[in-house]
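Let's take a walk through a protein model and look at how some of its pieces sit against one another. Have the picture open while you read.

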Amino acid sequence: AMNTSYTMTINGAKKQIAENGDQIELIVQAPSSNASTITEQGNIMETMIQQGVDAIALATESDESMLPYLREAAEADIPVFLFNMTEINDQNIYYVSSIGYDQEKAGYDIGKWINDNLGDKPQKIAVLEGYAGIVNTKRMDGFKSAIADNSNLEIVASQTADWTREKGQSVTESILTANPDVTILYAPYDEMALGGLTVVKERNLLDQISVIGYGCTKDGVAAIEADEMAATIDVGEYGTGFDIVNAVTDFCINGKDVEKVINRPSKVYDKTNLDELDRVIFE
C-alpha cells in the first residue's frame, strides 16, 4: 500500500520527468491495504492494460504471483519495469528491468551498524517486523546475519507491526510491557520505528533504548537530529524514481537496451554523518 517510501520514489520520478521535458505522463495507483495487494494490483494492472498505457512500473511482493498479469501486459506489448523488489527471477521474460536496491544487504548494513556501534556490551533487542512476506524476510535475514556472531546482541522479542506507525506504537507498548529491559528497538522501516519511538518517549526511556530505523524518511532523520533515534539507512528510494524514468525513457522512447537489474547503493546515517545527506530526497 502507499507509504512514505513510495512517495519518495514518486517524487523522484516526477522530478526526473520534469527535467526530461515532460515526455512522460505519470499515473499512480496503489492497493488500499497490504493485506489485499495481490488481488488489487491484478485489477489495477488489468485496467491499465485496457487503457493502453505505454509502460507499467510495478512494486509487488512477488513477480511470480503477478505472472498472469505480466504475461497479459506482454501480450498487449506493454513493457513492465519492476521496482522495490527483493527476490526476482532474472530469467522472467515478462519484465524489462528490476530497479531499486539490495534489500537483504541493506538489512545487513543496518545490523552491522548496530554491531559496530552498540555491540561492545550486552544488548536486548526488540524488533518491529513488517507485514509478513518476502520483503520483510529479506530485510530481517540481512539484519540477523550481521549480528549473528556477536553474543552481546540478543533478540528478545520480534513481532509484526505491518509497516505502519500506528501498529509500531501498539506493538511496542506490548513488547515493552513484557520486556522492560529492552535496550535496542529496531524496525526495518522508519514508520514502525517512529511509532515505537512514541512509546519510548512516553515511558521516558530515551536514555535506555536506542531506536534504529530503515528508509531514511524525513521524520526519521528529524528524530536523529533531535537525539531521539540513533540511526536509519538511506536505500535510495528517491533516486529509484529517477532510475525508473530513465529506464522507461531509454527502452520505450529511445529504443535502447537496459540492464535487467538496476540497483542503488545504501548508506547508514546517524548523528555523526547527517551533514552528508542530500536533503533533496525530501522535496
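Before we compare helices, a word on terms: the axis of a helix is a line fitted to its C-alpha atoms over the stretch in contact, and the angle between two axes runs from 0 to 180 degrees between N-to-C directions. Keep in mind that this is a predicted model.

**Two helix pairs**

Two packed helices are described by the angle between their axes and the distance between the axes. Here are both values for two pairs.

| Helix pair | Angle between axes | Distance between axes |
|---|---|---|
| H2 (residues 37–51) and H3 | about 5° | 10 Å |
| H7 (residues 190–202) and H8 (residues 218–225) | about 45° | 9 Å |

How are H2 and H3 oriented to each other? Angles under 35 degrees count as roughly parallel, and H2 and H3 pack at about 5°, so they are roughly parallel to each other. On the H2 side, Gly42, Met45, Glu46 and Ile49 make the contact, and H3 brings Tyr69, Leu70, Glu72 and Ala73. Sorted by class, the contact of H2 with H3 has 5 nonpolar, 1 polar and 2 charged residues.

The other pair is set up in another way: H7 and H8 are oblique to each other, and H7 passes H8 in a left-handed crossing. Where they meet, Asp190, Leu194 and Leu197 of H7 touch Asp219, Gly220 and Ala223 of H8. This contact of H7 with H8 has 3 nonpolar, 1 polar and 2 charged residues.

**A look around H8**

Which residues of H8 are buried? They are Gly220, Val221, Ala223 and Ile224. If you look down the axis of H8, these buried residues fall within an arc of 155°, so they line one face of the helix. What covers them includes H7, strand S8 (231–234) and strand S10 (267–270).

Most residues other than glycine have a negative phi. Asp227 has a phi near 60° and sits in the loop between H8 and S8. Is Asp227 buried or exposed? With 54% relative accessibility, Asp227 counts as exposed.

Asp162 is another residue other than glycine with a positive phi, near 60°. You'll find Asp162 in the loop between strand S5 (153–160) and helix H6 (165–178). At 23% relative accessibility, Asp162 counts as partly exposed.

**Two buried residues**

Now for Ile78, in the loop between helix H3 (67–75) and strand S2 (80–83). Its relative accessible area is 5%, so Ile78 is buried. What does Ile78 touch, leaving aside neighbours within four places in sequence? Its contacts are Ile49, Val53, Asp54, Ala55, Ile56 and Ala73. As for Val53, it lies 25 residues from Ile78 along the chain, yet the C-alpha atoms of the two are separated by 7.1 Å.

Last stop: Asn136, which is part of helix H5 (residues 134–147). Asn136 counts as buried because its relative accessibility is 5%, and buried means under 20%. Not counting residues up to four places away in sequence, Asn136 touches Glu129, Gly130, Tyr131, Trp163 and Pro188.

Terms used. Residues numbered from 1 in each chain as written. Predicted model: local features only at pLDDT ≥ 70, side-chain atom pairs only at ≥ 80, totals over all residues. Heavy atoms only, no water. Helix = DSSP H or I, 4+ residues; strand = E, 2+ residues; numbered from the N terminus. Buried < 20%, exposed > 50% of the residue type's maximum accessible area, 1.4 Å probe, protein only. Contact = heavy atoms within 4.5 Å. Parallel < 35°, antiparallel > 145°, perpendicular 65-115°, else oblique. Left-handed = near helix turned anticlockwise from the far one by under 90°. Nonpolar A, V, L, I, M, F, W, Y, C, P; charged D, E, K, R; others polar. Arc of directions from axis to C-beta.
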